[in-house]
Amino acid sequence: MSSEQITHSLDNIRLGVLLSGRGSNFVAIQQAIENRQLNRAEVVVVISNHADTAGLAWAKSRGLNTVTLEKAGFENRNAFDEALAEILQAYQVDLVILAGYDRILGAAVLSAYSGRILNIHPSLLPAYGGKGMVGHKVHQAVLENGETESGCTVHLVTELIDGGTVLGQTRISVQPDDTIESLAARVLAEEHRLYPRLIGEFILQAFPHKFTIENKGSTHEPETLSDKSLA
Ligand code: GRF
């Protein structure tokens with residue numbers, strides 16, 4: 001590289017993962033990172049609002065930073081959310097990834113990370129979203145309504161529950177003999193593909209300055225995020 005080139009910071013985008021349980025989407029994201037399919041991102045902290053979750057245990061087994069932040073330790077929702085925002089900022093998180101996080105985010109985190117919080121939901125939003133539409137309730141409602149399609153959605157998180165801009169979806173067919181469990185399993189398998197891929201795409205779009213090398217007077221196209229396709 002000549003001295004005439006200015007290389008912008010090629011630091012990784014620092015992901016802060018929030019989870020509450022199993023953490024299979026987090027595992028899919030971390031595995032994509034470890035497989036160099038998301039090689040401009042790193043998970044800098046995994047935060048769980050419940051102790052002893054499988055997701056937290058897996059994060060520890062990978063040597064990642066983990067934090068347990070339980071609501072019992074706080075006077076009210078605002079105090080909890082302020083503490084959460086402080087932790088994310090202390091780890092210099094660029095992008096917040098909700099991965100099965102079962103608490104509604106409050107103003108402190110939403111304002112500190114406006115436009116930089118992603119979530120995945122196990123339906124084709126706006127259908128089957130909103131307060132209370134979580135876990136198997138989503139798939140049960142899809143089956144009860146005789147839907148022929150379902151799927152999953154990655155979206156930006158705002159104060160509207162499941163109402164932020166949709167970044168992408170995967171559609172699947174609902175089979176006549178589907179049960180809640182079989183439908184949930186097929187949707188989850190798609191979640192594991194969709195979420196890492198869309199995080200990669202979002203990073204390129206939302207943090208373009210991280211991927212740009214400038215010559216005097218000209219700017220190259222951003223480099224691609226992955227060495228491998230995440231299709
Ligand atoms: C997933 O179905 C996701 O869509 C929803 O919560 C579930 C989390 O599962 N937001 P896991 O903890 O990632 O396995």
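A residue is called buried under 20% relative accessible area, exposed over 50%, and partly exposed in between, with a 1.4 Å probe and protein chains only. The structure is a predicted model, in which local features need pLDDT of at least 70 and side-chain atom pairs count only at pLDDT 80 or more, while totals for chains, interfaces and linings use all residues. Residues are numbered from 1 along each chain as its sequence is written, and side-chain values use heavy atoms, with hydrogens and water left out.

By these cut-offs Arg22 is exposed, because its relative accessible area is 59%. Arg22 is placed in the loop between strand E2 (13–19) and H1; helices (H or I, at least four residues) and strands (E, at least two) are DSSP runs, numbered from the N terminus. Thr53 is 31 residues from Arg22 in sequence, yet the two C-alpha atoms are 6.5 Å apart in space.

Arg22 also belongs to the surroundings of the ligand, together with Gly23, Ser24, Asn25, Gly100, Ile120, His121, Pro122 and Glu191. A residue is counted here if one of its heavy atoms lies within 4 Å of the molecule. Helix H1 (24–34) and strand E6 (117–121) each contribute at least two residues to this shell. Sorted by class, the shell holds 2 nonpolar, 5 polar and 2 charged residues; Ala, Val, Leu, Ile, Met, Phe, Trp, Tyr, Cys and Pro count as nonpolar, Asp, Glu, Lys and Arg as charged, and the others, Gly among them, as polar.

A nitrogen atom of the ligand lies 2.8 Å from a polar backbone atom of Ile120.

Asn25 is itself buried, because its relative accessible area is 8%. The side chains of Asn25 and Glu191 are joined by a polar contact of 3.0 Å, that is, a pair of N or O atoms within 3.5 Å; within protein, one must be able to donate a hydrogen and the other to accept it, and residues adjacent in sequence count only if both atoms are side-chain atoms.

Arg197 is found in helix H6 (residues 180–206). Arg197 is partly exposed, because its relative accessible area is 30%.
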